[in-house]
Amino acid sequence: MRFYEYESKALFRRHGMPLGKSGLAKSADEAKRVAAEIGGPVVLKSQVLSGGRMKAGAVKFADAPDEAARHYETIVPILVNGQKCRAVLVEEKTPVAQEYFAAITWDGRRKCPVLVFSDMGGIDIEEVAEKHPEHVSKTHFSSLFPITPRIAKEAIAATGVTGDALNRLTPIVFELMRVFLAYDLTLAEINPLARLADGRFVVLDGHIDMEAEARGKHKKLLADLGIGPEETRQAREATPFEIKGAEVNAADHRGVAGNVVEFDGNLGLVIGAGGGSLTLFDAVRKHGGKPANYCEIGGNPSVSKAKELTKLILSKPGVEKIAVMMNVVSNTRVDIVARGVIKGCIEAGKKPSDVIAIFRIPGAWEGEGFKILAKYGVDYCDRSVSMYEAAGRAVAKMK
Amino acid sequence: MSILVDKNTTFLVQGITGREAVNLTRECLDYGSKVVGGVTPGRAGRDIYGVPVYDCVRDVVAKHGPVHGSIISVPPGFVRDAAFEAIENGIRLIVIVTENIPRQEVAQMVELAALRGTRIIGPNCLGLITPGECKMGGIGGPAANTRQAYSRGPIGIMSRSGGMTTEIASTLTAAGLGQSTAVSIGGDAIIGTTYAELMPLFEADPETKAIAIYSEPGGRMEAELAEWVVAHRSRLPIVAFMAGRFMDEMQGMRFGHAGTIVEGKEDTTAAKIERMEKAGISVAERIEQIPELIRKRLAEAR
């Protein structure tokens, strides 16, 4: 879950990291007022959940409050990589002598955090790593044992930084490591971390991602920052159909009928589980089918959950039929899903045998499940028909 | 032979009185696995299908030792402590079923496990099975279903999806290719044991003649496997199935498992397929092609 820059900075401020004077503006008047309070030149930055703001023209400099107000109006409508601007951060413009880069993320292969540091900040770190590898250090550290500042010191010194700069940078980078661990972050980045002409350091921009699974552990911090539980911060905002899908899943704790994602096709998919859904979605597309949605059922959902999901998908405009497919199931019961899906069709006013293009869920309780399907005349198959073939049978009925 | 578990493997279940744990205990017992004890704090003295329940792992080890493994099926907030308890009581194989564990806690468990010589499978997995000998976890479901899908033979399976482990096994079994050991390795961004980390075990197992894997977008696990295969000149032909090809164009969206997200080019199925094929791994377009591809590779190896 990505934080906006102003939220990242609020967290940094709590931890005593050096930041310039700034204020968040939600109107041109506010931008003008904040700029006047700061006094002198300011920078206005779109608060948006995406990089590439500068390129998109969503960062502007102003010498006077009136200019700041005008820039506010320019910045707000700009979409950055499709993401909307939430507010504008007005910040004091500081004369920078040198820019540094510090970031901590997880190394999935080494299974521990890695601190990446460079004395060539402000630009794309991948590019620096390629062209000037001696200016980038990568330092792995334990997430189990207590960490101490020497890890940060070694990482910084490894890029050739010494003297006063090393001693001033060490506590800032060490604090970033502590923040990373304290809040279950998946990314804690400062870029650039600027050295000013007078030798002081200031965090100019920050990027924080918190692991979605850890939100429950950090409710207080999220509340303090004003991040509500309804904010998913996905790559794109949830559609009303997807929000309804989440409601279906949340209405009942038994099993999963979740991660409903909207597409614009005519074949509704009631598919599962995690890996099976990916496999089946690919299969439908490979056959030239047009999925109306993606979803994942699993963990033995109740009859009512399968029913509600079916109704939701059938209610989506443009959906002509549904395909009910999973890999061989272990803990999900075939008969329960069959019952739920058939009920869903009937309650949606459709005939199950017309609207279910194929039912391919083999596995636990399949005998009972197939009996129910046969009774309603639904086209079903067992494991002797592959997932790919089943998807093909469904797609063939759409033509 | 097999890897990790066989007919002599004993294990306990932590969180044994939970709904899911009760089910998997029943399934494992029915399959013939040696479930020697269970742990739920405050529930000592009970039993689950005849399996005695204790307050601490220490008690299970003291009364029923040696205990080789533990299945952890407790709520996410309790998993790390449960794993630490198992590790510090000498358990050397842990299967973590629970999902939604923050990766920092997974990393901490993995770090302690490495120090103590314990192997962790999962989290967010269905466990592992050596057909006919030991089923450790929900893999395959009820014993009768498990027997239908899994049969004994020369193919090792490793899969990021629990359900697809069984789909692949079922397909192999129908084609007359049995399995040595099948491992559901888990779908999270950080897991206890990756493909590459299981390879030395399969490599050393004389029964295993080929490997089938199920993989997805996200992470560097396939790249790690490709590097391992080349560096160690593996004797084992590998056939991989890659799901989630549609995700290549959907950067930043999470589908399937927690670790399944395309954040950069390296995460895409296209990049992974290219790396694996370069390392001599055959990539199947469809699950049903796996048996024929394995047969072809085995014939070439001869």
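Chain A holds an open sheet of 4 strands, in the order β1-β4-β2-β3, with antiparallel pairing. Strands here are DSSP runs of E at least two residues long, helices are runs of H or I of at least four, and both are numbered from the N terminus. Two strands pair if DSSP finds at least two bridges between them. β1 (22-25) and β3 (59-62) of chain A stand at the edges with a single partner strand each, so one side of each has no neighbour in the sheet. From one strand to the next, the twist averages 25 degrees.

This is a predicted model, in which local features need pLDDT of at least 70 and side-chain atom pairs count only at pLDDT 80 or more, while totals for chains, interfaces and linings use all residues. Residues are numbered from 1 along each chain as its sequence is written, and chains are lettered from A and ligands numbered from 1 in the order in which they are written.

Stay with the sheet. Strand β2 (residues 42-47) of chain A pairs with β3(A) in the antiparallel sense, over 4 bridges. One residue pair to look for is V42(A), whose bridge partner in β3(A) is A62(A).

Helix α1 (residues 5-14) of chain A lies across β1, β2 and β4 (87-92) of chain A, at about 115 degrees to β2(A). Helix α2 (residues 28-38) of chain A lies across β1, β2, β3 and β4 of chain A, and runs at about 15 degrees to β4(A). Axes are lines fitted to C-alpha atoms, for helices over the stretch in contact, and angles run from 0 to 180 degrees between N-to-C directions.

Now take chain A as a whole. Its secondary structure comes to 15 helices and 15 strands. The C-alpha atoms of chain A fill a box of roughly 80 × 50 × 40 Å along the principal axes. Of its 399 residues, 48% count as buried. Buried means that 20 or more other C-beta atoms lie within 10 Å of the residue's own; 12 or fewer make it exposed, and anything in between partly exposed, with C-beta atoms placed from the backbone. Among chain A contacts between residues at least 6 apart in sequence, 70% join residues at least 24 apart. A contact requires C-beta atoms, placed from the backbone, within 7 Å.

Further along chain A, look at strand β13 (residues 293-298). It is mostly covered, with 6 of its 6 residues buried. N293(A), C295(A) and I297(A) are buried on one side of β13(A), and Y294(A), E296(A) and G298(A) on the other. Strand β11 (residues 256-262) of chain A pairs with β13(A) in the antiparallel sense over 5 bridges. In β13(A), N293(A) is the bridge partner of E262(A).

Two helix pairs in chain A come next. The axes of helix α9 (residues 240-250) and helix α11 (residues 303-315) come within 9 Å and cross at roughly 170 degrees. That makes α9(A) roughly antiparallel to α11(A). The cut-offs are under 35 degrees for roughly parallel, over 145 for roughly antiparallel, 65 to 115 for roughly perpendicular, and oblique for the rest. K244(A), G245(A) and V248(A) of α9(A) meet K305(A), E308(A), L309(A) and L312(A) of α11(A).

Helix α12 (residues 334-347) and helix α14 (residues 366-375) of chain A pack at about 25 degrees, with axes 7 Å apart. That makes α12(A) roughly parallel to α14(A). From α12(A), the contact uses V334(A), D335(A), A338(A), R339(A) and I342(A); from α14(A), it uses E366(A), E368(A), G369(A), I372(A) and L373(A).

Finally, turn to where the chains meet. The contact takes 47 residues from chain B and 39 residues from chain A. On the chain B side, α4 (103-116), α5 (143-149) and α6 (162-174) each give two or more residues. α4(B) gives the most, with 7 residues.

α6(B) deserves a separate look. It has 13 residues and reaches 19 Å from first C-alpha to last, close to the 18 Å expected at 1.5 Å a residue. That expected span is 1.5 Å times one less than the number of residues. α6(B) is mostly covered, with 12 of its 13 residues buried. Those buried residues pack against α10 (274-286) of chain A, together with α5, β10 (152-159), β11 (179-184), β12 (210-215) and α10 (290-301) of chain B. Just after α6(B), G176(B) takes a positive phi of about 80 degrees.

Notes:
Two residues are in contact if their C-beta atoms, placed from the backbone, lie within 7 Å.
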